[in-house]
Structures are given as C-alpha cells and as structure tokens.
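Hi everyone, thanks for making time this morning. I'd like to walk you through one structure, going from the overall picture to the sheet and then to a few single residues. Here it is on the screen.

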Amino acid sequence: MDFGIQGKIALVTAGSKGLGRGCAEALSAEGARVAICARTTAEVERTAQEIAAKTGHEVLAFTADMSKPGEIDRLLASVREAMGDPDILVCNAGGPPPGDFASTGLDAFGPALELSLMSSVRLTYGCVSAMKEKGWGRIVMITSVSVRQPIPYLILSNTARAGLAGFMKTVAREIADSGVTVNAALPGSHDTDRIRQTAVKRAEAAGRTLEEEMTESLKTINPMKRMGTPDEFGALVTFLCSKQAAFITGENVLADGGAYGGIL
Ligand code: NAP
C-alpha cells in the first residue's frame, strides 16, 4: 500500500530511542524526509545515520530538550531552515517521574506539565499554520493508555496526558476542514529502555533479577502475554500519517495488546 507520504517532511521529537525512533524509522521507510531530536547529541546523530542507512532516505538529527520552551522554538526554526515546514509532526517526550498523590508535591506539576503537555501544545502551535496553508498535515501525539485508564503511581503522567487529550480533540475538530488531522497514539507496554528501567526498579523492590521480573510481568501485562515493539507502534503512527487516514481525526488510538478491558 502506498501511504502517500513520499518526500513529506516529518518531525519526530524525542526520536533517538524507543517509540519515537520506531515512528521515525517507519516514516522514513515510507519515503518521508525525517527530522528527529533528543537531548543527547551523539545518540540522536547515530540514530539518524542508522535509519538513513537502513531506508535510503534523508534523516537529520537535532539536539533539543522538550522541557525547555526556547529549545522547542529553536528546533522548529532549525528544521524549517534545513528542510522546510513539517508536513508531519509526531510529538513525543520523555515521561515525568513516578509518584502518587501522597508522595508528589505541588511543585512537581509545573515541570511535568511543561514536558508532557506543553511541549506538544507548543509544537502544534508552531506547525499548524504552515500545514493549513499547504492544505495537508498530520499531527500525532504519543500519549499513553493512561488516557483511557489512569495508571497507579503515575499521577504526573496521568494528569498531563489527560490534559493533552483534551487539547488534541479540541484542535482536531477546530481545524478538521483544513486537510490537517490531529490524533493521539496511546502505547500500552512496549519494549523500550524506559520500560526496562521501570522493571529494574520493580525487580529491586521485589528482590528478583531483571529477567525474573520481566518473565513475571509478561504473564500479566496483557492477554497476548508480550510487550509491543517500537516497530509495531511506528507502523500505527505512520498509518495515522497516511493519505488513507485522511478521515480519522481527534481520535485516541490504543495499542496495548488488549490490556485495557473496557468496551470504549
Ligand atoms: P525511551 O525508550 O526511554 O526513549 C525516550 C526518548 O526520548 C529518547 O530518544 C530520549 O533521548 C528522548 N527524550 C527523553 N526526554 C527528552 C526531552 N526532555 N527532550 C527531548 N527528548 C527527550 O521512552 P519510550 O518508552 O519510547 O517512551 C516514549 C513516550 O511514551 C514517553 O512519554 C513515555 O512515557 C510514553 N509511554 C511509553 C510506554 C512504553 O510502553 N514504552 C507506555 C506508555 C507511555 P534523550 O534521553 O537523549 O533526550
């Protein structure tokens, strides 16, 4: 199937590893010209080279921290100068620290919202005008299954993702007749560094090895008894960016191997 995104300019933030990298690879494999960013210059440059070598398409690397508004502005200016205005925007960032109501102070909410809500809001403000002028655009926000069902001990993330879902739906409907779609992709458990780091902490607390902890958690993680892969997640996001997905906007699309038990 031709997804109709050959030559389109795609910006994937937080794209050097994990789900962001999965999205960048899948978009590049479809012929998009991809820009990725992350905080660690050497790593994001290496990832860009690896993806370009694999797909044969241009991938440019930028250094930017999604928790810093000035760096988001600079990133957008640099991408525009090097490649042009993004046709496709995949908003991603690292997640805020874990904690529950009792252990999380009020002062933790500002930075968490800046990282996991405002970065996507800023990126959207920075990209929508040019997309509307072109009459075509795709925005996908990587959020979490917690939009459907908040996850215990992730109060900061749960709060930010729910807010972003509200923003996403509002903008999507407001600009729906412009050719620009706005959606969110909701990961359940996917095998990335972040998930492994969380498993290390759980293993320490339970007195297990990492391998024992991973085996144990895979039994209960979802009915498929396995984690998703960044490739599978990238394929979902790339479909949402395709010409075929033109009639899908304002949606929260879940990829969790059936873990969420609700009907809607
Ligand atoms: P990951 O494997 O740890 O990768 C994170 C990526 O983001 C890296 O490229 C990292 O590079 C970059 N990054 C982190 N903080 C950044 C910042 N402030 N500014 C710019 N780039 C930043 O994480 P992941 O599992 O792919 O998770 C991606 C997102 O999905 C997170 O928001 C996470 O909470 C959410 N999520 C993931 C899962 C899952 O199963 N994996 C489930 C639900 C939700 P640098 O460190 O070099 O910046």
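For a chain of 264 residues, a compact globule would have a radius of gyration near 18 Å, and the protein chain has 18 Å, so the two agree. That radius is taken over C-alpha atoms, and the globule rule is 2.2 Å times the number of residues to the power 0.38. Please keep in mind that this is a predicted model: local features need pLDDT of at least 70, side-chain atom pairs count only at pLDDT 80 or more, and totals for chains, interfaces and linings use all residues. Residues are numbered from 1 along each chain as its sequence is written, and side-chain values use heavy atoms, with hydrogens and water left out.

Buried residues make up 45% of the 264; buried means under 20% relative accessible area, exposed means over 50%, and partly exposed is in between, with a 1.4 Å probe and protein chains only. The accessible surface comes to about 12,600 Å², and 55% of it belongs to carbon and sulfur atoms. Those areas come from the Shrake-Rupley method with a 1.4 Å probe, and for residues only the protein chains shown count as cover. Among contacts between residues at least 6 apart in sequence, 75% join residues at least 24 apart, where contact means heavy atoms within 4.5 Å.

Now to the secondary structure. The chain has 8 helices and 7 strands; these are DSSP runs numbered from the N terminus, helices being H or I with at least four residues and strands E with at least two.

In what order do the strands of the sheet run? The open sheet of 7 strands goes β3-β2-β1-β4-β5-β6-β7, with parallel pairing. Two strands count as paired if DSSP finds at least two bridges between them. At the edges stand β3 (59-63) and β7 (252-255), each with a single partner strand, so one side of each has no neighbour in the sheet. The twist averages 20° from one strand to the next.

Let's look at β5, residues 137-142. With β4, β5 pairs in the parallel sense over 4 bridges, and I88 stands opposite R138 in β5. With β6, residues 180-187, β5 pairs in the parallel sense over 6 bridges. Here R138 stands opposite T181, and G137 has V180 as its bridge partner in β6.

Are the residues of β5 buried or exposed? 6 of the 6 are buried, so β5 is largely enclosed by the rest of the structure. As a reminder, side chains in a regular strand alternate between the two faces of the sheet. In β5, G137, I139 and M141 lie on one side and R138, V140 and I142 on the other, and all are buried. β6 is mostly covered too, with 8 of its 8 residues buried. One side of β6 carries V180, V182, A184 and L186, and the other carries T181, N183, A185 and P187.

What lies across the sheet? Helix α1 (residues 18-29) lies across β1, β2, β3, β4, β5 and β6, running at about 170° to β1. Helix α8 (residues 230-240) packs on the sheet as well, touching β4, β5, β6 and β7, and its direction makes about 165° with that of β6. Axes here are lines fitted to C-alpha atoms, for helices over the stretch in contact, and angles run from 0 to 180 degrees between N-to-C directions.

Finally, some individual residues. A search of the whole structure finds 2 aromatic pairs. One of them is F3 with F239, edge-to-face, at 6.1 Å centre to centre and 70° between the planes. F3 sits in the segment before β1 and F239 in helix α8, 236 residues apart. For the cut-offs, rings of Phe, Tyr and Trp (its six-membered ring) pair if their centres lie within 6.5 Å; planes under 30 degrees apart are stacked, over 60 edge-to-face and the rest tilted. F3 is buried at 16% relative accessible area, whereas F239 is partly exposed at 29%.

Two backbone angles to finish. A14, in the loop between β1 and α1, has a positive phi of about 50° although it is not a glycine. K225, in the loop between α7 (210-220) and α8, has a positive phi near 55° and counts as exposed at 52% relative accessibility.
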